[in-house]
Amino acid sequence: MAAELAIRDMGVSFTVYTSERNIDRDWPFDIIPRAISAVDWAQATQGLQQRSRALNRFIDDVYNNKKIFKDGIIPFDVVRDCPNYKPQCEGFSPRYGAWAHVCGTDLVRHQDGKFYVLEDNLRVPSGVSYMLENREVTKRVLPELFENYSIIPVDDYPTRLYETLAALSPRSVKRPCIVVLTPGIFNSAYFEHAFLARSMGVELVEGDDLFVDTDNQVFMRTVDGPERVDVIYRRIDEDFLDPEVFRPDSKIGVPGIMRAWRAQNVAIANAPGSGVADDKVIYSYVPDMIRYYLQEEPLINSVPTYLCMNADDRQYVLENIEKLVVKPANESGGYGLLVGPHGTVREHQKFRKLIEENPRNYIAQPTLQLSTAPTYINGEVKPRHLDLRPFILHGSDIWVTPGGLTRVALTEGSLVVNSSQGGGSKDTWIVETGQ
Amino acid sequence: MILLSRVAERLYWMSRYLERAEGMARVTNAYTHLIMDLPKGTEVEWGMLINIMGAKPTFESMGYNYTEQGTLKFIIASLDNASSISACIKAARENMRTTRDVLPHEIWETINELHLYCKETASQSISRRNRYEFLNQITARCQMLNGLVMTTLCRDHCYRFIKLGHLLERADINSRVLDVALASIASRQIENPAFDSLIWASLTQALGAMGTYRRAVGPMIDATSAINYLYKEPSSPRSILFCINGIRNDLKALKQHQKALDQADKIYQSIDQFDAQEMTAKQFHSFSDASQKAVSELNNCIYQIWFSAQHR
């Protein structure tokens, strides 16, 4: 098919972790675009901006005043037990109070037609390069469609990202030195790291390329000598970021980078410690955060969530496991979750046991009727479930991508859309309906 | 333009590996032709190619035989041998995989195709029948990459490090080839010296300098004039002097170049003063040994100044 050829031409690939070795494979792409009306999207955008404001206020509060806990809105235990809570970040507040500068929020559309937030990815969300490539492919393969519809372009993302990052620079220089920090070629999203660095015209660096001097400034090693670095867009997990502070066995990090960050000599996006709000237990408190910090009602829905750490909720989950989706609180990428209605009796039993052993680590949600969209499967057009990951950039202001990355579960009836679990993707159109 | 030390090092090695693959392809091709021309009983051994690679210990410890098949398998297809054509192409591609963003897209595509071609055909190209086509393809495709570098790259640091790797590797290969060839000829005491010129013609051919040699010197070829030409003809890009001179020019455009430039100047002067006319085989061997060591020292200087984590 023409689209597959175009993808291979453009060299889009992603890596799936298997037990043997890393393989590059073409990311399955469905040529039929998914359309959302501009009016609906404007509402979702407001909801996402509001949510991002509240989440960043929360992270700042966690590491500083802890007001939300003192006022009894959220129990502090929840944060303390969260592996993504980093005590090393206590007492620090980055510029603009912005911690999660790049957030990928997963949305689904329920049968009521409304968007629901499934989760907020505040650590190192990926997928934006596929959003951009998908549009390129659609333009190549179906150019005629763009004559008849008014579709909001997406290709200014790298510019927006650059502006967001540049605004974080601790030095006020005309062109701050920004780098993209990657774990290297074997990372599943390496392609995206390289893509973003190239699109922004900045260097793609690995940990070894950077060093921190005794004045707590970060430099990169170039053939012309050390070059001062102002902003690091890090695509490595914070646990590996600085062996002086986090995992001492990390080979991909930069020793001393946390010192430089705390001394405000370098900005790191996303800020270390942001993951504390990425937890699925914390997720259930986001509506409360919005009311607490912003004195507003949430403009976008969350999915009702049962916290297995609460006895009543746990009881309900154990009794109704076959109706629910059970998720580990700290995994991403669709690993280790149970879709109750699709699970076997044995799997239900296994998850009951897991929950009882470690209730803090599990949450459950009702199984949503995810919306479907027409998808091209073996020469026929069939309905498949999908979700949507818009990207939210939060620096001196907040910007949301028009649309985002639509992921589609290619297996009939499946609700799991993750690329690592055999999902595919679609181009997403925000269409002006002219009303 | 900023160039990361790591990226510079990978570009440098990408270029060295490509030049090494091309050099081995040329030498192997010329050698195969030479073998066919020499009368039975006077052949130089296949082991000579292994010596050029400096891979004798690996070759013997891996249990390869000094037969045509064994040697050629080791040179063309073996991945145990880090200097085999297949291993070089693979390493060149690996080095480029993480630096492709600083290079034009066509270069990545071409190197990728070369890698695929090599992977698919190398193990079937040991026999004389297929060998010729394979070696020619490798040479031609490496040349294509050189052409792309020359016609599409900005003359910035990326280009300089690619060129440094390319020139340094060629200087290294040429001096190895001349050293091993002369040692082999000197030790054989051949009955029929008529074959000498055949061997030197073949060597000059192997190093890609035959055409220009004929035009500059004439059709007669002997050890002294061939060695002098391949060492120090300033106008031939195949001569060692030319390579070192190119390195000197590129080094000057880089910061902190003094130590490396001093080393390159030293090599340049010693070659400039060299004359094969006055030398015995033994003297020549110690000269070429010294110049190989000096080239390797130059490589170390480049590493210390621009690639190592210590440089700040």
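**A strand and its partners**

Author: Over 3 bridges, strand S4 (residues 102-109) of chain A pairs with S20(A) in the antiparallel sense. This is a predicted model, in which local features need pLDDT of at least 70, side-chain atom pairs count only at pLDDT 80 or more, and totals for chains, interfaces and linings use all residues. Residues are numbered from 1 along each chain as its sequence is written, while chains are lettered from A and ligands numbered from 1 in the order in which they are written.

Some terms come first. Strands (E, at least two residues) and helices (H or I, at least four) are DSSP runs numbered from the N terminus, and two strands pair if DSSP finds at least two bridges between them. Strands of a sheet pair through backbone hydrogen bonds, either parallel or antiparallel.

With 3 residues between them, S20(A) and S21(A) make a hairpin.

Strand S20 itself spans residues 391-394 and is covered on both faces. Phe391(A) and Leu393(A) lie on one side, Ile392(A) and His394(A) on the other, and all of them are buried. Here a residue is buried if 20 or more other C-beta atoms, placed from the backbone, lie within 10 Å of its own, exposed if 12 or fewer do, and partly exposed in between.

Chain A as a whole is assigned two domains: domain 1 (2-299 + 369-431) and domain 2 (304-366). Such bounds come from an automatic or database domain assignment. Taken over C-alpha atoms, the centres of these two domains of chain A are 26 Å apart. Their contact takes 14 residues from domain 1 and 12 residues from domain 2 of chain A, where contact between two residues needs C-beta atoms, placed from the backbone, within 7 Å. On the domain 1 side of chain A, helix H10 (residues 280-283) gives the most, with 3 residues. That side divides into 5 nonpolar, 6 polar and 3 charged residues; nonpolar covers Ala, Val, Leu, Ile, Met, Phe, Trp, Tyr, Cys and Pro, charged covers Asp, Glu, Lys and Arg, and polar the others, Gly among them.

Another sheet of chain A is open and has 3 strands in the order S8-S9-S10, with antiparallel pairing. Strand S8 (210-212) and strand S10 (225-228) of chain A are its edges, each pairing on one side only. On average, neighbouring strands in this sheet are turned by 40 degrees against each other, direction ignored; the axes are lines fitted to C-alpha atoms, for helices over the stretch in contact, and angles run from 0 to 180 degrees between N-to-C directions. Strand S9 (residues 218-222) of chain A has 4 bridges to S10(A), and Met220(A) stands opposite Glu227(A) there.

The second chain meets the first as follows. In the contact between the chains, 18 residues of chain A meet 16 residues of chain B. On the chain A side, helix H8 (190-200), strand S7 (203-205), S9 and S10 each supply at least two residues. That side holds 8 nonpolar, 2 polar and 8 charged residues.

Chain B is assigned domain 1 (1-153) and domain 2 (154-312). Their C-alpha centres lie 19 Å apart, and the contact takes 31 residues from domain 1 and 30 residues from domain 2 of chain B. H1(B) gives the most to the side of domain 1 of chain B, with 18 residues.

Some single residues of the model close the account. Most residues other than glycine have a negative phi, and most peptide bonds are trans. Lys66(A) has a positive phi of about 60 degrees although it is not a glycine, and lies in the loop between helix H2 (38-63) and helix H3 (67-70) of chain A. Lys66(A) counts as partly exposed because 14 other C-beta atoms are within 10 Å. The peptide bond from Ala269(A) to Asn270(A) is cis, with omega near -10 degrees. Asn270(A) sits in the loop between strand S12 (267-269) and H10 of chain A.
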